[in-house]
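Biologist: I would like to learn how to read the side-chain features of a model. Could we take them in turn, with the general idea before the case?

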Amino acid sequence: MTGLPWLLVDQHADDDTVVAACTDIDGLFADRPEPPAERYTLLACLPSGRLRAAIDGFGPPWLGNIGLEAIHPSDSAHPPECWECVEELLDLVVTDAQPAAAGQGLLDITLEGRLRTDLPRFTRRSTATAPDAEGYLLAGITGEGEEKFGFCQDVSGVFHARPVPPPRPATLVGCRPGARLQRAIDALGSRNRRMISASIFSVGADGSATHVLDAGFGAEVSAVTPSPLGEGLVDVTFEPKYGDVIGGPRPARAREVWEVWQAGRPTELNRWSGYDALLRHEWAGAALAHHQQRPDRPGGTEFHLDGSHVTDEDGFYCAIGEAINGPGGYFGWNPGALHDCALGGWGAAPGFRLIWHDAAVARRHLIPGYDRRLWAPAITMDHVLAWLADSGVHVELR
């Protein structure tokens, strides 16, 4: 089943059964909706730190992120420090502060921002229901560590039902079904409908298949029509029953990156340099998916990093990947992965030397701030250098 650029593969089968090959997977590249802008009020609040300064006019009204940490009553079944009952408010701006009805110098503070909804929840409580709390500690994570913002007795605007986007369907376009999918198609309209569960693979021009990281497929067939893309091909639509058909879809613009890799492994450095941070991140992920294992160069080996395009954190990962492993190389795509790679097994034994050329480019761009793509404090040059030092990498800036 070759010649088509996408595969569905059942990796749980003994022989990695190919479920289908197709020309396209409509739904694989789709943007997730960002959390909407909302208004919140910290009720009967005793502010501190930058929150106090913003209210008094001695600091900017923008605060970044604040976590609401529920303070449980003494008879609560929850422990005093309960990570299950924390909600994070993002990109907050103070818009108003008024004396609270409770008096005692307390304030009702109005904020505009967003509620983080993109992380897995490990509790049955949804954001529609407030936790069992007699108040909230206000704390945030900055680029330099934890920051305290004070305390409030209650909040409004946070805990309420929000519209849930409908589960997203998917279509295998120009599809050549394997035996398992064909059985599911044949069962369409009967009581014996079959669930299709598979991983998604990208097929290169040389016929090699590469797993698209974190992308899974699971649903029942809902419709089949002849495809205009070729004789014998069909378009197979899957309607969601329990959630999105495709788990872990890639951003819509990431299609461009995967098409580059499907054409062939890059043979020139800095092919990623024209991309923005989103696509650079996707490039580093594609490099991980296509990583070719080889023996580590010995400790103390000197590697040269071209820093002329390191204008963001993701550009650094692309550049160090190529410094260690050549064009399209991978050596981490987040801080934890960078540290793991530096421990060995990814092309360089621990204790290597990194000559960072044109380091001034990163110095100008990797500066304190806020990353609204990740809703988090921006990563700075000093952070990157500290990560490398902690991983035993000897860095020389040029």
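**Reading contacts, pairs and packing**

Biologist: Which residues does arginine 280 touch, not counting residues up to four places away in sequence?

Modeller: Contact here means heavy atoms within 4.5 Å. On that basis arginine 280 touches Trp272, Ser273, Tyr275, His309, Thr311, Asp312, Asp314, Gly315 and Cys318. This is a predicted model, in which local features need pLDDT of at least 70 and side-chain atom pairs count only at pLDDT 80 or more, while totals for chains, interfaces and linings use all residues. Residues are numbered from 1 along each chain as its sequence is written, and side-chain values use heavy atoms, with hydrogens and water left out.

Biologist: Where is arginine 280 placed, and is it buried or exposed?

Modeller: Its place is in helix α4. Helices (H or I, at least four residues) and strands (E, at least two) are DSSP runs, numbered from the N terminus. Buried means under 20% relative accessible area, exposed over 50%, and partly exposed in between (1.4 Å probe, protein chains only). Arginine 280 has a relative accessible area of 4%, so it is buried.

Biologist: With which side chain does arginine 280 meet in a salt bridge?

Modeller: A salt bridge is a side-chain nitrogen of Lys or Arg within 4 Å of a carboxyl oxygen of Asp or Glu. For arginine 280 the partner is aspartate 312, at 3.2 Å, N to O. That pair links distant parts of the chain, 32 residues apart, with aspartate 312 in the loop between β14 and α5 (313-325). Aspartate 312 is buried as well. Elsewhere, salt bridges that share partners join Glu302, Arg353, Glu396 and Arg398 into one network.

Biologist: How many salt bridges does the structure hold?

Modeller: There are 21. One of them joins glutamate 38 to arginine 162, with the closest N and O atoms 2.8 Å apart. Because glutamate 38 lies in strand β3 (residues 38-47) and arginine 162 in the loop between β8 and β9 (170-177), the pair ties together parts that are 124 residues apart in sequence. Both glutamate 38 and arginine 162 are buried.

Biologist: How is a pair of aromatic rings described?

Modeller: By the distance of the centres and the angle of the planes. Rings of Phe, Tyr and Trp (its six-membered ring) pair if their centres lie within 6.5 Å; planes under 30 degrees apart count as stacked, over 60 as edge-to-face and the rest as tilted. The count by this rule is 11 aromatic pairs. In one, tryptophan 62 and tyrosine 370 have ring centres 5.1 Å apart and planes at 75°, so the pair is edge-to-face. Tryptophan 62 is in strand β4 (residues 62-70) and tyrosine 370 in strand β16 (residues 370-371), 308 residues apart. Tryptophan 62 is partly exposed at 28% relative accessibility, whereas tyrosine 370 is buried at 15%.

Biologist: How are two packed helices described?

Modeller: By the angle between their axes and the distance between the axes. Axes are lines fitted to C-alpha atoms, for helices over the stretch in contact, and angles run from 0 to 180 degrees between N-to-C directions. Helix α3 (residues 255-263) packs against helix α4 (residues 277-289) at about 35°, the axes being 9 Å apart.

Biologist: Which residues of α3 and α4 meet?

Modeller: Glu256, Val257, Trp258, Val260 and Trp261 in α3 meet Leu279, Glu282, Trp283, Ala286, Ala287 and Ala289 in α4. Trp261 and Trp283 also form one aromatic cluster with Tyr275.
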